Amino acid sequence: DIYDFIQDTTGLGETGETLITKKKGDEVIMLNPLRHNSDSALKMKIKMGSSTGLPLQNAVLSGKGSGYSVDYRGKEVLAAWRYIDSLDWVFVAKIDQEEINEPVSKLKMVVLLVAIIISLISLFFVFLIARSISRPIEQLTKIIDDISMGKISVEIDSTLKESSDETGDLARAFDRTIVSLKLAMKKIGKEKLPSVRSPEEIGVTAENLAEKGLVINKKLVKK
């Protein structure tokens, strides 16, 4: 019967329910036990103009409608209402807004979690990419320092020279520079430098110059 149908909450979730009320004077009286108050039939009353039970009041005032409102518990709900003028009854079906929003809240949490995971993975790959770029630069900087100190026997890593990116181009350019320096140093080493006299030879020459100086001095004195 209609009473069993009203009391059936199938498909209304954990908080949904259907209400039957009757307007009496400036009040609306509950005619059926409520899901959240089983002792409400013919006892619970909502005064017109109060801040709770708004769907019931809206049904009396406007006949029918739906939307977000505040129920007899003061909870925000999504409700649909209709006033049956011939019976002077009000029918209201409602469900808590919090329950409606729960799947949305869970979805937001899932989206937020996925976004955080993606951000962490992105940061990890950015770190790897940055490291793959900075490490060859560090190696080339070390080689430049060695060359500036005269260590031209340095060798550039073959894997670095075989790289197809900009660091590979830079490594190959440095390698050609090192080869050119080695060839230049080798060429300089083969050239004959002016012979340098030994200290003994320099000493003998100095004595000869001294003797010649004495002879010239004596000749000048005799004159």
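1. Let's start with Q57, which has its place in helix 2. Please keep in mind as you read that this is a predicted model. Is Q57 buried or exposed? Its relative accessibility is 6%, and the cut-off for buried is under 20%, so Q57 counts as buried.

2. What does the side chain of Q57 reach? It comes to 3.1 Å from the backbone oxygen of S50. Leaving out residues up to four places away in sequence, Q57 touches I46, K47, M48, G49, S50 and T52. For I46 there is also a C-alpha distance to look at: Q57 and I46 are eleven residues apart along the chain, and their C-alpha atoms are separated by 8.3 Å.

3. Now for the rest of helix 2. Q57 is one of its buried residues, along with P55, L56, A59 and V60. Which strands do the buried residues of helix 2 pack against? They pack against strand 1 (17-24), strand 2 (27-30), strand 3 (45-47), strand 4, strand 5 and strand 6. Just after helix 2 comes G63, with a positive phi of about 90°.

4. The protein has 223 residues, of which 24% count as buried. Among contacts with a separation of 6 or more, 35% are between residues 24 or more positions apart. The accessible surface comes to about 16,000 Å², and carbon and sulfur atoms hold 62% of that.

5. D71 deserves a visit of its own. You will find D71 in the loop between strand 4 (64-70) and strand 5 (76-84). Although this residue is in a loop, its relative accessible area is 1%, so D71 is buried.

6. Which partners does the side chain of D71 have? One is the backbone nitrogen of K75, which the D71 side chain reaches at 2.9 Å. Another is the side chain of K94, joined to that of D71 by a polar contact of 3.0 Å. Setting aside neighbours within four places in sequence, D71 is in contact with T52, G53, P55, V77, K94 and D96.

7. D71 and K94 turn up again around a cavity, where the lining is made of L19, G53, P55, L56, D71, Y72, V92 and K94. Helix 2 (54-62) and strand 6 (89-96) are the elements that give two or more residues to this lining. How many residues of each class are in the lining? Five are nonpolar, one is polar and two are charged.

8. On the search behind that point: rolling a probe the size of a water molecule over the atoms shows where empty space is left. Across the whole structure, one cavity of 30 Å³ or more is found. The largest cavity has a volume of about 40 Å³.

9. L42 is not a glycine, yet its phi is positive, near 65°. Is L42 buried or exposed? With 60% relative accessibility against a cut-off of over 50%, L42 counts as exposed.

Terms used. Residues are numbered from 1 along each chain as its sequence is written. This is a predicted model: local features need pLDDT of at least 70, side-chain atom pairs count only at pLDDT 80 or more; totals for chains, interfaces and linings use all residues. Side-chain values use heavy atoms; hydrogens and water are left out. On a 1 Å grid over the protein atoms alone, a cavity is a set of points where a 1.4 Å probe fits but cannot get out, and a pocket is an open set with protein on both sides within 12 Å along at least five of seven lines; lining residues have an atom within 4 Å of a point. Grid points are joined across faces, edges and corners, and a volume is the space filled by probe spheres set on the points. Helices (H or I, at least four residues) and strands (E, at least two) are DSSP runs, numbered from the N terminus. Ala, Val, Leu, Ile, Met, Phe, Trp, Tyr, Cys and Pro count as nonpolar, Asp, Glu, Lys and Arg as charged, and the others, Gly among them, as polar. Buried means under 20% relative accessible area, exposed over 50%, partly exposed in between (1.4 Å probe, protein chains only). Contact means heavy atoms within 4.5 Å. Accessible areas come from the Shrake-Rupley method with a 1.4 Å probe; for residues, only the protein chains shown count as cover. A polar contact is a pair of N or O atoms within 3.5 Å; within protein, one must be able to donate a hydrogen and the other to accept it, and residues adjacent in sequence count only if both atoms are side-chain atoms.
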